[in-house]
Amino acid sequence: MRKMSSASKKEREQKRKLQHFLNDLALLGSLQGFKYFQPWLRGKEELLLTVVNEDLGWRSPGFLVSRASSYSSSSSSSSSSDGSPSSSSPSLDSRSSSPLPGEPHGPRDVQTINTHTRTLTHTDREPGGEEHLLPASPSEGEIAVPEVNCTLFLLAGYVRYGRPYAWIRSNHERLVNIGGMDSMVKDTPMKLKSITDWQTRGIRVWDVVSELVCLCTVPSPSNPFALDMRYIKTLPLQDRFLVTGALLSFLEMYLVYGNRDELHYDKVVEEVKPLRRLHFQSLLELQRLKSASVQHSSR
């Protein structure tokens, strides 16, 4: 009885952690204005992450929400197809989980591949081995096209797997030696430290994103959450107010719950200061415009 109670408690804790991760994923998917990456929320369990390959003074082009944010794979369930970027509290109900091929049997043997100065790992495939941890949206069916000088990743927290995973969606050959173009190999999840530590540490979505950015972008940025303030300042006033407010909410949450020992933590602290000033400046401008409009209409 005690063992059943312990197992039930562990399962509830795992569901709670995954729900927390999905909430973070939904928040991240609503943001824009980062310098090195752009997120697109796709349903309740998936997020597409476009990450810059080489930092050549690149500025985020202010991606419009593309087909990537609304596309649903034919193999995804209703939770992925009817989810939207406005979904703020994804459900962990088993009925909302995207159907995935095969049952998960835990991590497989890992093969480490060195690429220039970077090291990424992927799951090795062996004949007759365990089922792959495949994404609900297969790589072959991906219609989202990354911007020039960018790599596309899929970050997902499928209920059926009970934990988050990340997959490369483009430029596979740039990051890993995948040993051919077999779709099963291309859809093997990445072996990230943040994903490995998810069960034993308080890993949040920003830990996974920062690891992906630092692995993908050359040279590795000192602050993976650096903002493109030039782009943000070009937004229309109302959009600028909303965008800066959403970014502030996310980055201040990182400052409260993030790892202060991370090398980029202090950089994020400094990044927040001008963002907060711009947010309140936009608020004052909106209030002045509203006041002027009220005075004009009362005449």
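User: Which residues form one aromatic cluster?

Analyst: The model is a predicted one. In it, one aromatic cluster is formed by F34, F37, W206, F225, F250, Y254 and Y265.

User: How many aromatic pairs does the count come to?

Analyst: Rings of Phe, Tyr and Trp pair if their centres lie within 6.5 Å. By this rule, the count of aromatic pairs comes to 13.

User: Is the aromatic pair of F34 and F37 stacked or edge-to-face?

Analyst: The centres of F34 and F37 lie 4.3 Å apart, with 20 degrees between the planes. Planes under 30 degrees apart count as stacked. The pair of F34 and F37 is therefore stacked.

User: Is F34 buried or exposed?

Analyst: The relative accessibility of F34 is 0%. Buried means under 20% relative accessible area, so F34 counts as buried.

User: Is the aromatic pair of W206 and F250 stacked or edge-to-face?

Analyst: The rings of W206 and F250 are 6.0 Å apart, centre to centre, and their planes are 75 degrees apart. Planes over 60 degrees apart count as edge-to-face. The pair of W206 and F250 is therefore edge-to-face.

User: How many residues apart are W206 and F250?

Analyst: W206 belongs to helix 7 (residues 205–216), and F250 to helix 9 (residues 237–257). The pair thus links distant parts of the chain, and the two residues are separated by 44 residues.

User: Over the ring of which residue does the charged end of R204 sit?

Analyst: A charge sits over a ring if, for Arg, CZ is within 6 Å of the ring centre and within 35 degrees of the ring normal. For R204, the distance to the ring centre is 5.4 Å, and the ring is that of Y257.

Technical notes:
Residues numbered from 1 in each chain as written. Predicted model: local features only at pLDDT ≥ 70, side-chain atom pairs only at ≥ 80, totals over all residues. Heavy atoms only, no water. Buried < 20%, exposed > 50% of the residue type's maximum accessible area, 1.4 Å probe, protein only. Helix = DSSP H or I, 4+ residues; strand = E, 2+ residues; numbered from the N terminus.
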